[in-house]
Amino acid sequence: MSHLEAGRRDSVIDLSAELIAAKARKPVYFKADPHWNEEGARVASEAILGRLSRMAPHKVQWSPRAFRMAEYPI
């Protein structure tokens, strides 16, 4: 991450802090899989959109209330 961030500060969004914090409340990854589960995707989406809205508030208008979690059978 430090190598990536050395170039441009706005080109890398490190989600590890948000995912680690969320992991204390609910699992954010599938048990035997390196991919985010639904909760991980929600946390990552909110973090990315929050960062983008602070970087370019005139282009990205976002609110956490815009998300509604729904469960769908697979």
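How many of the 74 residues of the protein count as buried? The share is 20%, where buried means under 20% relative accessible area, exposed means over 50% and partly exposed lies in between (1.4 Å probe, protein chains only). This is a predicted model, in which local features need pLDDT of at least 70 and side-chain atom pairs count only at pLDDT 80 or more, while totals for chains, interfaces and linings use all residues. Residues are numbered from 1 along each chain as its sequence is written, and side-chain values use heavy atoms, with hydrogens and water left out.

**Overall make-up**

- The protein has three helices and zero strands, taken as DSSP runs numbered from the N terminus (helices: H or I, at least four residues; strands: E, at least two).
- Read from the N terminus, the order of elements is α-α-α.
- The accessible surface is about 6200 Å², and carbon and sulfur atoms account for 58% of that area (Shrake-Rupley method, 1.4 Å probe).
- Of the contacts between residues at least 6 apart in sequence, 27% link residues at least 24 apart; contact here means heavy atoms within 4.5 Å.

**How α2 and α3 pack**

- Two packed helices are described by the angle between their axes and the distance between the axes.
- Helix α2 (residues 16–23) and α3 have axes that come within 10 Å and cross at roughly 140 degrees; the axes are lines fitted to C-alpha atoms over the stretch in contact, with angles from 0 to 180 degrees between N-to-C directions.
- The two helices are therefore oblique to each other, given that under 35 degrees is roughly parallel, over 145 roughly antiparallel, 65 to 115 roughly perpendicular and the rest oblique.
- From α2, Glu18, Leu19 and Ala22 meet Gly40, Val43, Ala47 and Arg51 of α3.
- By class, this contact of α2 with α3 has four nonpolar, one polar and two charged residues (nonpolar: Ala, Val, Leu, Ile, Met, Phe, Trp, Tyr, Cys and Pro; charged: Asp, Glu, Lys and Arg; polar: the others, Gly among them).

**Two residues to look at**

- Val43 sits in helix α3 and is buried, because its relative accessible area is 8%.
- Setting aside neighbours within four places in sequence, Val43 touches Glu18, Leu19 and Ala22.
- Between the C-alpha atoms of Val43 and Ala22 there are 7.3 Å, with the two residues 21 apart along the chain.
- Arg68 lies in the segment after α3 (38–55) and counts as exposed, because its relative accessibility is 68%.
- Arg68 and Arg42 are 26 residues apart along the chain, and their C-alpha atoms are separated by 9.5 Å.
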